[in-house]
Amino acid sequence: MPSTVTIHQVRAQFHGLDQDQIFLENAAGSQVVASCIESMSYFMADKNVQLGFDYPLSQEATSCSHTHESHLPPWVQVAQWKDLKVKWWLPLRDTTTNPKVEADDLKAQRLINNRTKIVCFTYTSNVLGSVTDVAAVTRSIKSINPNTLVSVDGVAYTPHAAIDVQAFRVDFYYFSWYKVYGPHIATRFVDALAFKNLEPLGHFFLPKTSAQYILGLTRGSYEAMQSVSSVVEYIHSVN
């Protein structure tokens with residue numbers, strides 16, 4: 001059923017809109033919902049405690065050529081550390097109007113084989129807005145090599161629609177809460193089947209049973225982490 005929330009009720013939940021100016025710096029992300037700010041303030045003032053903790057790689061990695069810059073250099077660096085050959089995935093259609101990578105391009109460019117360890121690409125271009133069919137790309141990759149890992153940067157797509165990583169069948173998916181009224185903190189999805197491919201970054205004595213144990217260093221900003229639930233509550237309230 002249609003939402004009964006009015007635009008005035010929505011605007012009232014953003015302190016940044018109570019000013020005689022217009023925020024046009026889209027790259028900085030959305031305004032932060034008041035309940036998120038209040039949650040962080042309350043946590044730091046009254047509840048400031050540590051939150052609980054609940055590649056033998058192969059020879060090749062494939063990366064989309066027009067991915068977001070923040071997604072590209074880390075994988076190139078890993079390839080250098082692991083002595084991997086990087087293959088670049090180039091768009092073949094609409095290259096002057098709406099360039100985007102397609103599932104068929106992987107096969108046409110022969111980018112996936114039994115040595116391909118991981119394929120990295122962006123869900124949506126932060127420049128052109130081109131949207132990649134993540135599910136179709138993942139099916140194409142897994143049909144050639146079921147052991148190839150799939151990593152998706154979903155930051156730019158996050159504000160536009162709900163995400164179903166299980167339907168995508170990806171191994172890694174990332175987004176940032178500042179795109180949806182929250183703090184500057186990122187969330188990653190790691191499929192449990194991909195755990196065996198990860199080298200632990202955290203304390204040696206932690207069990208290798210979850211991504212937070214394997215990839216968690218000393219944890220992130222506790223006040224930002226615990227405020228995420230207030231952002232989720234806000235999004236549900238206006239849907």
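Tyr123, Tyr157, Phe168 and Tyr173 form one aromatic cluster in this predicted model. Under the rule that ring centres lie within 6.5 Å, the count of aromatic pairs comes to 9. One of the pairs joins Tyr123 and Tyr173, whose ring centres are 6.5 Å apart. Their planes stand at 80°, and the pair is therefore edge-to-face, since the term applies to angles over 60 degrees. This pair links distant parts of the chain, as its two residues are 50 residues apart. Tyr123 sits in the loop between strand S3 (116-122) and helix H5 (134-144), whereas Tyr173 belongs to strand S5 (residues 172-176).

Tyr173 also pairs with Phe168. Here the distance is 6.3 Å centre to centre, and with 35° between the planes the arrangement is tilted. Both Tyr123 and Tyr173 are buried, and Phe168 is buried as well.

The largest nonpolar core has 21 residues, and the members that touch the most others are Trp89, Phe121, Val152 and Val170. Helix H4 (103-108), S3, H5, strand S4 (149-153) and helix H6 (165-168) are the elements that give two or more residues to this core. H5 gives the most, with 5 residues.

Between S4 and H6 runs a loop that holds Val155. Is Val155 buried or exposed? Its relative accessibility is 17%, so Val155 counts as buried, the limit being under 20%. Phe175 lies 20 residues away from Val155 along the chain, yet the C-alpha atoms of the two are separated by 4.2 Å. When neighbours within four places in sequence are left aside, Val155 is in contact with Tyr174, Phe175, Ser176, Tyr178 and Lys179.

Two loop residues have backbone angles to look at. Asp83 is found in the loop between helix H3 (72-81) and strand S2 (85-89). The phi of Asp83 is near 60°, a positive value in a residue other than glycine. With a relative accessible area of 69%, Asp83 is exposed, because that term covers values over 50%.

Tyr181 is not a glycine either, and its phi is positive at about 75°. This residue lies in the loop between S5 and strand S6 (186-190). Its relative accessible area is 31%, and Tyr181 is therefore partly exposed.

Key
Residues numbered from 1 in each chain as written. Predicted model: local features only at pLDDT ≥ 70, side-chain atom pairs only at ≥ 80, totals over all residues. Heavy atoms only, no water. Phe/Tyr/Trp six-rings, centres within 6.5 Å; stacked < 30°, edge-to-face > 60°. Helix = DSSP H or I, 4+ residues; strand = E, 2+ residues; numbered from the N terminus. Buried < 20%, exposed > 50% of the residue type's maximum accessible area, 1.4 Å probe, protein only. Core = buried A, V, L, I, M, F, W, Y, C linked by side-chain atoms within 4.5 Å. Contact = heavy atoms within 4.5 Å.
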